[in-house]
Every structure is written in C-alpha cells, then in structure tokens.
Amino acid sequence: MRGRGLSRLRRKLHATIITIGVAGAPATFLHNALLQFYASCGCTRQARRVFDKIPHSHKDTVDWTNLMGCLVRHNVSDEALLMFVRMRRCGVKPDEVTLVCLFGGCARLGDLAVGLQGHGCMVKMGYGGVLKACNAGMDMYSKCGVIGEAKRVFDEMKGRSVVSWTVILNGVVRLEGVKNGRVVFDEMLERNEVAWTIMITGYVDCGFSQEIFSLAGEMIHELGMELNYVNLCSILTACSQSGDLMKGRWVHAYALKRKEKELNIMVGTALVDMYAKCGRIHVAYKFFNKMPQRNVVAWNAMLSGLAMHGLGRTALDMFPQMFKEAKPDDVTFTSVLSACSHGGLVDHGCFYFSNLESLYGTTPKMENCVKCFTFTSVTLFSFSEGNGHWHPLHILMIDPSVLRILSSNPYFSFFIILRACCQVSIKELFSCFS
C-alpha cells in the first residue's frame with residue numbers, strides 16, 4: 001500500500017489510538033511506535049508532534065535518533081542539530097546512529113562548529129572506532145571544507161571499508177584536486193562503482209578527456225563493469241569538450257545496447273548536447289524529437305545547440321512547444337536570446353528580453369544580461385540606424401529588470417557601456433543619454 005492509501009491508514013490508526021484512550025496509559029509505548037512510524041514515512045511535522053507527547057521518562061536514545069534522522073533526511077537539518085543539543089541537556093546518551101545523523105545534518109548545513117563538538121562526543125564516548133560513525137565524520141569534515149581533519153579521522157581508523165576509502169576519495173578530489181585524488185584511487189584495494197564515478201566526474205570538471213576515456217575503457221574491458229548513467233553523461237561531456245564524435249557515437253551505441261526500457265533522460269540530454277557540440281546538429285535535432293521524455297534541461301540543450309549553429313529561426317519555432325512539456329528557466333532564455341542574436345532576429349530578441357519577467361515570470365540574472373549584450377549588441381547596432389530598431393543603450397535605460405541587475409554590479413555596468421562604445425561613435429553615445 002503506497003501514497004494516499006498509506007497516509008489514510010496512518011491517520012486512522014492514530015485516530016483509533018487517541019479515541020480508545022490507550023496512548024496515554026503509563027505502561028504503553030504506543031507513542032514511541034507512532035514516532036518511529038511517522039519518522040520512517042518522512043512525516044516530520046507529525047513525528048515532531050508525537051515526540052513532544054512522549055513523557056520524558058519514556059523517551060530513549062532511539063526516539064531522539066528517529067526524529068533527528070527524519071529531520072535530516074527531509075532537509076530540516078537545523079532542527080535536527082537543535083534536537084541533539086536538547087538531547088544532551090536532557091542527559092540522554094547518544095549512540096553511533098545518533099552521531100551519524102548529527103554528522104549528516106552538519107554536512108548538509110556546512111556547520112563545522114557543531115560537527116567538531118560531535119566528533120569530540122564520539123571520541124569521548126568510545127565510538128572513535130565505529131566504522132559508520134567515522135565514515136559520517138569524514139564526510140562531514142569534507143563537506144565543511146576541512147580535508148585535513150577528514151584525513152586525520154581516516155588515518156586513525158583501525159579498520160577501513162570500501163565506503164571509508166570512497167568518502168576520503170570524494171573529499172580529496174573536491175578539495176585537493178583530481179591529481180591527489182588519483183593517488184588515493186590507486187591505493188584502493190577495492191573500488192566500488194561510486195569510486196569510479198567520482199574519478200570520472202572529477203576528470204570531467206578538469207577537462208581531462210583522455211583520462212576519462214582511459215578509466216572508462218579499464219572499467220569495461222578489463223574489469224567487466226557496466227557504466228551507469230552518471231558515467232555515461234560524464235563521458236559524453238568529455239566527448240563534447242574534446243569534439244570526439246567517434247567516441248560519442250560509441251557511447252550512444254553502448255547506451256542503446258545496455259538500456260532496459262528506454263534511455264535515461266540525463267543520458268538523452270547529454271547525447272543531444274554532444275552531437276550539437278560535435279557539429280552534428282541535424283543528428284541532435286532528430287534524436288531530440290524521438291526522446292520519449294524531455295525536461296527543461298533537454299530543451300535548453302537543444303535550443304542552445306540550434307543557436308550555436310545559427311539556426312535561430314528553428315529555435316524560435318520550437319520554443320512555443322516547450323511550454324507543453326517544461327517550464328522555461330533563465331538558461332532557456334539565454335539560449336533564446338543567443339538564437340535571436342545569431343539569426344539576426346532583432347525584434348524577437350528585444351521582445352523576449354523585455355518580457356522575461358512580466359510575461360514569462362523569469363527574473364533576469366547577470367548571466368542573462370552578459371549573454372544578451374555580448375552577443376546581441378552587435379546585431380542591434382547593425383540594424384539600429386534607419387530601421388527603427390532599439391539601441392542597446394536605450395534598453396539599458398528603460399528596462400527596469402536590467403537596471404536592477406546592473407545596480408548590483410557597477411563593474412558589469414561599465415562593461416556594458418564600454419561594449420556599446422566599441423560599436424558607436426562618441427556623438428551617438430552622448431545622444432543616447434541626452
């Protein structure tokens with residue numbers, strides 16, 4: 001039983017317990033069971049309400065930990081940390097699961113101060129050798145940006161699992177770079193799928209395409225491992241960066257061969273992006289039209305690819321269809337403005353830019369303006385004389401959304417004006433502001 005059926009059953013059970021009056025009986029622990037029930041279902045509000053009804057004499061470590069874990073899992077980590085403070089004040093001793101929940105909350109919030117207290121508590125209470133607690137502590141330090149402390153916990157561990165190695169690998173790659181991460185990776189006696197994914201995505205972030213292809217080949221041909229959708233997306237990104245169409249086609253064939261029902265939407269989007277950036281926009285367009293599901297990221301990849309190849313009219317013709325499947329975001333409009341720029345569609349560009357907020361409900365961001373003015377200003381200036389088109393400097397003065405953004409960054413304002421000065425004479429510049 002799932003979804004609404006389970007929710008109705010929960011409410012009925014709780015109502016029955018209250019109605020017959022057994023919940024308040026001193027010898028029963030029904031509230032404790034209800035707390036665990038609500039916490040496991042992710043009902044944070046109900047779990048907290050039931051927790052508050054449990055007498056202090058009946059609250060044990062499991063109750064506190066259940067509520068903390070529920071809060072952390074459902075993005076209420078700040079309340080989870082406060083619960084830990086209350087727990088200690090009430091004299092309840094935490095166990096290793098409590099510490100895992102605490103470190104998880106600190107990691108999500110980046111709260112190093114509470115994390116340090118939790119580490120001290122872990123050592124003081126004799127949990128310094130507990131594997132899960134140490135792994136959670138390392139993850140907390142890594143996500144708080146303190147890789148030195150994470151390494152210290154790792155070095156002091158008497159026994160390390162593949163999870164321990166993977167946690168420290170992830171921290172080193174993020175904070176010290178992929179080269180140091182490769183040292184840790186090579187020291188691992190056992191590597192799980194997560195470790196390989198960490199290295200491949202790390203190489204993608206650094207643009208090391210050959211290393212990505214080498215690792216992928218080792219995974220498939222030497223170890224007989226299968227690439228997951230994250231690895232496939234990373235390899236396709238490397239193909240896009242390097243322009244390696246041949247390897248991109250191989251990944252496409254591999255994904256089609258290994259798929260169970262249909263391609264993952266992330267892989268499909270990466271394929272659209274790869275074909276577009278490797279100069280095969282017609283293949284990207286054909287593949288995009290055959291995708292069974294398309295989200296805003298997929299649409300952005302397609303529109304961006306069309307704009308990149310100067311097919312602005314095609315991009316604008318597709319744009320209305322997008323509203324049936326996904327809600328455009330600021331990246332979408334950056335691609336649309338770029339398409340207008342490359343296609344010389346001045347009126348369309350001015351229309352979309354002026355109506356971002358009022359008509360489409362998208363607040364312009366700095367990158368929108370950068371993209372718009374660096375690519376569109378040349379087109380606008382080219383058509384401004386004698387054709388009745390807007391001048392970029394006019395847009396700067398009359399569009400309130402642009403003025404709000406520019407006022408937050410004066411350096412960018414000077415950049416825009418200087419960019420305009422490169423295209424017009426000083427006389428025209430002064431006439432715009434007169």
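Residues 24 or more positions apart make up 60% of the contacts with a separation of 6 or more, a contact being heavy atoms within 4.5 Å. This is a predicted model: local features need pLDDT of at least 70, side-chain atom pairs count only at pLDDT 80 or more, and totals for chains, interfaces and linings use all residues. Numbering starts from 1 along each chain as its sequence is written, and side-chain values use heavy atoms, with hydrogens and water left out.

**Exercise 1.** Work out how the rings of Trp 250 and Tyr 254 are arranged.

Step 1: rings of Phe, Tyr and Trp (its six-membered ring) pair if their centres lie within 6.5 Å; planes under 30 degrees apart are stacked, over 60 edge-to-face, the rest tilted.
Step 2: the centres of Trp 250 and Tyr 254 are 5.4 Å apart and the planes at 25 degrees, so this pair is stacked.
Step 3: both sit in helix H15 (residues 245-258), 4 residues apart, or about one helical turn. Helices are DSSP runs of H or I, at least four residues, numbered from the N terminus.

**Exercise 2.** Decide whether Tyr 254 is buried or exposed.

Step 1: buried means under 20% relative accessible area, exposed over 50%, partly exposed in between (1.4 Å probe, protein chains only).
Step 2: Tyr 254 has 7%, so call it buried. Trp 250, at 40%, is partly exposed.

**Exercise 3.** Classify the pair Phe 288 and Trp 299.

Step 1: with 4.9 Å centre to centre and 80 degrees between the planes, Phe 288 and Trp 299 are edge-to-face.
Step 2: Phe 288 is in helix H17 (residues 281-290) and Trp 299 in helix H18 (residues 296-308), so the pair links parts 11 residues apart in sequence.

Technical notes. Helices (H or I, at least four residues) and strands (E, at least two) are DSSP runs, numbered from the N terminus.
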